[in-house]
Amino acid sequence: MSDSHDNGHEHVPSRQRRRFPGISSRAYEHPADRSALVALRKLSGFDTVFKALSGLLPERSLRLLFLSDSVRVSDRQFAHLNVMLRDACYILDLEKVPAMYVKQDPAPNAMCIGLDEPIIVVTTGLVELLDEEEMRAVVGHEVGHALSGHAVYRTILLFLTSLAVRVAWIPLGNVAIMAIVTALREWFRKSELSADRAGLLVGQDLQASMRGLMKIAGGNHLHEMNVDAFLEQAEEYEASGDLRDSVLKILNVLPRSHPFTTVRAAELKKWAASREYQRTMDGHYPRRDEDKDTSVRDSFRESASHYATHVRSSKDPLMKLVNDIAGGAGDLGDRMRRGFGGFAGSQPRPPKDGDGPAEGSGGSRGPEGPGSDGSDGDNGSGGPRSPRDGSPRDGA
């Protein structure tokens with residue numbers, strides 16, 4: 001897109017930040033998010049169907065609600081947000097600037113809705129919480145949603161959630177739909193990681209992005225918080241606990257539309273240190289006019305590779321167990337009992353008189369066997385582990 005006045009960017013101020021002409025959303029999308037979107041874009045008539053569907057859903061009602069009961073951002077209202085919005089669209093080369101509204105709500109939040117003409121909504125709580133550079137990353141986050149077409153997920157979720165309520169009386173009908181909803185929520189969470197990356201491409205200030213996420217988690221007490229300590233929480237969250245905690249983590253995240261804030265911060269920092277980000281900043285990125293030639297198979301292969309790498313490198317107890325199973329680790333029953341903290345009664349039964357193994361026989365191990373002292377019993381008995389790559393752990 002050129003800098004001509006016809007494109008609506010005549011009021012964008014001069015800037016030092018890099019611009020990405022013709023950038024495809026594939027440049028910043030998380031692999032799982034990207035594979036889903038590539039597949040959806042390949043479906044013939046998909047856009048037509050869901051644009052029509054969106055008109056039947058609460059999305060249309062929300063659009064009217066924001067128009068009637070919120071403040072529309074312009075050069076006369078919330079002018080500083082209007083400049084940020086135009087700036088973000090200029091950097092990511094989004095030709096049509098979405099409408100943006102500020103809604104009175106003390107909870108800090110932002111969202112992008114709409115398929116054909118997306119709109120962005122930010123709450124007063126978010127506007128009052130963040131400084132200019134932190135807010136710039138959030139606006140870039142929402143523009144990234146618009147460029148990727150992530151409202152598709154939201155539209156399908158709204159439809160299926162509504163349908164699940166209507167078919168709840170049908171045996172197993174609700175179960176089948178909720179299984180799809182669960183998968184869509186996983187995609188949606190990955191789309192938030194993608195949008196965080198878009199926010200970094202717009203703001204081009206990693207520390208501002210980190211501060212914004214930290215404030216969303218802990219409020220406007222920046223002098224009481226520390227980015228490094230905040231990121232350490234993400235590491236502790238991933239690595240701590242046993243298999244019971246791993247299951248609880250899954251149950252906690254399933255109903256959420258966004259990943260946990262510390263996880264988002266850690267994922268964004270990891271991407272900022274990647275070669276992919278550096279190549280994008282150097283001007284080497286996928287172009288929008290190449291989207292039609294993208295292979296669905298290659299996208300899914302990349303997504304599968306990402307998840308496999310995550311399992312290999314994860315410190316989570318459940319992921320380590322999965323990795324050990326895939327790598328052929330032995331003594332898995334004993335490892336699972338220890339992982340659940342003795343849930344299944346890991347203490348050996350004291351032998352009664354005369355029922356111990358005969359001297360010199362190959363009976364079961366006594367208390368001196370591996371793992372009985374609380375160690376993991378891996379040294380020399382667990383089989384070879386798969387290599388780990390050692391990499392650290394992608395609306396508002």
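Q: Which residues does glutamate 134 touch, not counting residues up to four places away in sequence?
A: This is a predicted model, in which local features need pLDDT of at least 70, side-chain atom pairs count only at pLDDT 80 or more, and totals for chains, interfaces and linings use all residues. Residues are numbered from 1 along each chain as its sequence is written, and side-chain values use heavy atoms, with hydrogens and water left out. Contact means heavy atoms within 4.5 Å. With that cut-off, glutamate 134 touches Leu129, Ala208, Arg211, Gly212, Lys215 and Leu222.

Q: Is glutamate 134 buried or exposed?
A: Buried means under 20% relative accessible area, exposed over 50%, and partly exposed in between (1.4 Å probe, protein chains only). The relative accessible area of glutamate 134 is 1%, so this residue is buried.

Q: What is the length of the polar contact between the side chains of glutamate 134 and arginine 211?
A: A polar contact is a pair of N or O atoms within 3.5 Å; within protein, one must be able to donate a hydrogen and the other to accept it, and residues adjacent in sequence count only if both atoms are side-chain atoms. The side chains of glutamate 134 and arginine 211 are joined by such a contact, at 2.7 Å.

Q: How far apart in space are glutamine 207 and glutamate 134, C-alpha to C-alpha?
A: Glutamine 207 counts as partly exposed because its relative accessibility is 43%. In sequence, glutamine 207 and glutamate 134 are 73 residues apart. In space, C-alpha to C-alpha, the distance between glutamine 207 and glutamate 134 is 8.7 Å.
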